[in-house]
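Student: Could we go through this structure together? I would like to know how to read it.

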Amino acid sequence: MDSTLACLAAWMPRQRWYAAKGRPPSLRLVSWWDLTLGSGDLEDVDAGARIRTFLVADEGALPAVLYQIPVVERATETVDADPDHVIGSPVPGTTFIDGPFDPAYARALLRLISLGGTADGPQTTAIGRPASSGGVPEHATSRVISGEQSNTSLIFEGDGAPVICKVYRQLHAGLNPDIELQEALAGTGSPHVPRPVGSIEGTWPDLATAHGTVHGSLACAQEFLPGVEDAWRVALRAAARGDDFRDAARALGTATAEVHLALAECFPTRTATTAGREATAATWERRFAIAMAEVPDIADQRDAAAEVYRRALDVPWPPLQRIHGDFHLGQVLHSPDRGWIMVDFEGEPLRPMAERTQPDLALRDVAGMLRSFDYVAGSLRLDDPDRSVDAVRSWARDARRAFVDGYAASAGGLDPRHPLLAALELDKAVYEAIYEARNRPTWVAIPLRAIARLVERPAPVA
Ligand SMILES: Nc1ncnc2c1ncn2[C@@H]1O[C@H](COP(=O)(O)OP(=O)(O)O)[C@@H](O)[C@H]1O
Ligand SMILES: O=P(O)(O)O[C@H]1O[C@H](CO)[C@@H](O[C@H]2O[C@H](CO)[C@@H](O)[C@H](O)[C@H]2O)[C@H](O)[C@H]1O
């Protein structure tokens with residue numbers, strides 16, 4: 001194998017965003033492009049650095065997964081990077097650094113987003129698209145956000161309002177719903193999303209399409225809300241102390257309903273047809289089958305789960321619309337001035353993008369957040385097995401009920417006993433079992449306990 005690909009293939013499996021945990025990638029180089037710095041941005045350390053973004057397909061996955069890997073290549077003796085951010089040395093004397101951790105890449109990225117322009121490679125173009133509401137800090141320094149992310153986000157701080165730029169690691173054809181939905185919501189004046197700053201789109205080779213190329217999103221930037229915490233941390237702290245979270249959960253339910261109503265205005269809605277309902281039920285069954293293969297313990301619940309899914313098909317379904325798609329407490333920020341603000345409208349990373357961009361059930365988001373309150377209780381129990389189970393369970397029950405109340409009051413008439421909500425909550429727990437088994441095996445007990453409970457007692461706020 002080419003030494004560049006060998007170097008990337010050895011490094012990728014250690015990255016949080018790498019999808020095929022436990023299996024090394026089987027890489028094909030799809031394309032690349034180089035970013036440049038303007039003379040004003042050029043610093044001494046950048047002389048001789050090459051800022052190249054590789055597009056590589058992992059053909060060991062079915063279907064193949066396309067990854068975006070920005071790399072800064074430097075002469076080894078000049079490298080001053082943290083060893084954790086060094087990819088390797090494809091040829092003696094040259095070192096690859098994980099681009100987002102290198103200031104040269106960070107500066108070039110911000111430049112492309114804020115000033116526009118293009119960067120070219122073989123059959124490939126990356127185009128910067130500044131938003132009309134844009135504006136980036138001057139003399140900015142960057143840092144990479146730490147934590148369990150599917151993508152890699154850089155924060156730019158300097159003179160002016162800070163910006164967060166998310167570099168998509170897995171690429172897909174089409175406008176990323178993260179950009180599409182947040183820009184549309186911002187356009188309605190919604191207070192529940194950050195101000196968009198710009199994005200990068202690209203065209204790259206794709207042998208499977210008639211054109212031979214596809215177009216899609218590479219990165220997006222938005223206002224960074226400094227000093228805010230995500231709702232996961234806020235809720236975790238409240239639950240650990242036993243603080244009443246009902247008002248906060250109710251306000252989150254209201255904000256969620258407002259976002260759903262705005263999305264239903266901005267994008268087409270669709271009636272759920274019989275064929276569509278059956279196709280959705282088939283995805284539930286398929287997900288359960290995958291989960292059984294990866295977490296064999298859940299096989300005992302198969303028949304009871306099928307019954308929960310069947311009941312959901314016996315009742316009318318609301319119209320389908322665009323939704324958040326992977327709604328949990330970690331996707332919501334708490335701003336003391338602006339209330340609940342939602343990010344990451346990309347949908348579930350384990351779901352094919354073609355499904356994620358279709359109109360869907362708004363109740364899927366409600367189910368996701370209900371699961372997240374249960375996760376708060378579950379993670380506190382994992383951290384401290386001596387903690388009172390009753391106390392954390394009752395905290396989660398109150399938060400779930402208040403969230404649903406807040407949602408129903410604004411979205412109109414949600415019945416929390418709707419069998420569809422029960423099926424969607426069970427399906428989300430099954431998704432989580434797969435997700436945890438692949439990414440955080442010590443957490444798998446949380447969704448497993450939920451699955452056992454939800455097939456016995458599928459009542460979201462009982
Ligand atoms: N505009 C923002 N302001 C402040 N923090 C943000 C902003 N956007 C994202 N974050 C933080 O970054 C985390 C990861 O962002 P997210 O969009 O969920 O990335 P990923 O797709 O990698 O999961 C969020 O949970 C949040 O804590
Ligand atoms: O990376 P994403 O934010 O797109 O989402 C993925 O990772 C999440 C974990 O960080 C995962 O969420 C699960 O764990 C959360 C606590 O860390 C919990 O609040 C969620 O309810 C639970 O689903 C999410 O499912 C996954 O898609």
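Tutor: The conversation below treats confidence, domains, sheets, loops and the ligand in turn.

Student: What kind of model is this, and how are things numbered?

Tutor: This is a predicted model, in which local features need pLDDT of at least 70 and side-chain atom pairs count only at pLDDT 80 or more, while totals for chains, interfaces and linings use all residues. Residues are numbered from 1 along each chain as its sequence is written, and chains are lettered from A and ligands numbered from 1 in the order in which they are written.

Student: What average pLDDT does the protein have?

Tutor: The protein averages a pLDDT of 93, and 98% of the residues score at least 70. The term pLDDT is the predictor's confidence in each residue, from 0 to 100. Where pLDDT is low, the predicted coordinates should not be read in detail. The model also scores ipTM 0.95 and pTM 0.91.

Student: Which domains does the assignment give?

Tutor: The assignment gives domain 1 (3-223) and domain 2 (229-456); such bounds come from an automatic or database domain assignment. The C-alpha centres of domain 1 and domain 2 lie 30 Å apart.

Student: How many residues are in contact between domain 1 and domain 2?

Tutor: On the domain 1 side there are 17 residues, in contact with 23 residues of domain 2. Contact here means that the C-beta atoms of two residues, placed from the backbone, lie within 7 Å. The side of domain 1 that touches domain 2 has seven nonpolar, eight polar and two charged residues. In these classes, Ala, Val, Leu, Ile, Met, Phe, Trp, Tyr, Cys and Pro count as nonpolar, Asp, Glu, Lys and Arg as charged, and the others, Gly among them, as polar.

Student: Now the sheets. What is the order of the six strands in the open sheet?

Tutor: The order is 6-7-11-12-9-8, with antiparallel pairing. Strands (E, at least two residues) and helices (H or I, at least four) are DSSP runs, numbered from the N terminus, and two strands pair if DSSP finds at least two bridges between them. Strand 6 (117-121) and strand 8 each have a single partner strand, so one side of each is left without a neighbour in the sheet. The twist averages 25° from one strand to the next.

Student: Which helix packs on that sheet?

Tutor: Helix 2 (residues 103-115) packs on the sheet, and its direction makes about 65° with that of strand 7. Among the strands that helix 2 touches are strand 6 and strand 12. For such angles, axes are lines fitted to C-alpha atoms, for helices over the stretch in contact, and angles run from 0 to 180 degrees between N-to-C directions.

Student: Which residues stand opposite each other in these strands?

Tutor: Strand 6 and strand 7 (residues 124-130) share five bridges, and Ala119 stands opposite Ala126 in strand 7. Strand 8 (residues 138-144) pairs with strand 9 over five bridges in the antiparallel sense, with Val144 opposite Leu154 in strand 9. Strand 9 is also joined to strand 12 by five bridges, and Ile164 has Gln222 in strand 12 as its bridge partner.

Student: What about the sheet of three strands?

Tutor: That open sheet has the order 13-14-15 and antiparallel pairing. Its edge strands are strand 13 (229-230) and strand 15 (339-342). Strand 14 (residues 332-335) is joined to strand 15 by four bridges, and a hairpin of three residues connects strand 14 to strand 15. Helix 5 (residues 246-266) lies across strand 14 and strand 15, at about 45° to strand 15.

Student: Changing topic: which peptide bond is cis?

Tutor: The bond from Leu62 to Pro63 is cis, with omega near -5°. Pro63 is found in the loop between strand 2 (50-58) and strand 3 (65-75). In the loop between strand 6 and strand 7 is Gln123, which has a positive phi of about 50° although it is not a glycine.

Student: Finally, where does ligand 1 lie?

Tutor: Domain 1 and domain 2 both give residues to the shell around ligand 1, so ligand 1 lies between them. Of the 20 residues around ligand 1, Gln149, Asn151, Pro194, Leu225 and Asp344 come nearest. A residue is near a molecule or strand if its C-beta atom, placed from the backbone, lies within 6 Å of it.

Student: Which strand supplies the largest share of the shell?

Tutor: Strand 9 does, with three residues. By class, the shell around ligand 1 has eight nonpolar, seven polar and five charged residues.
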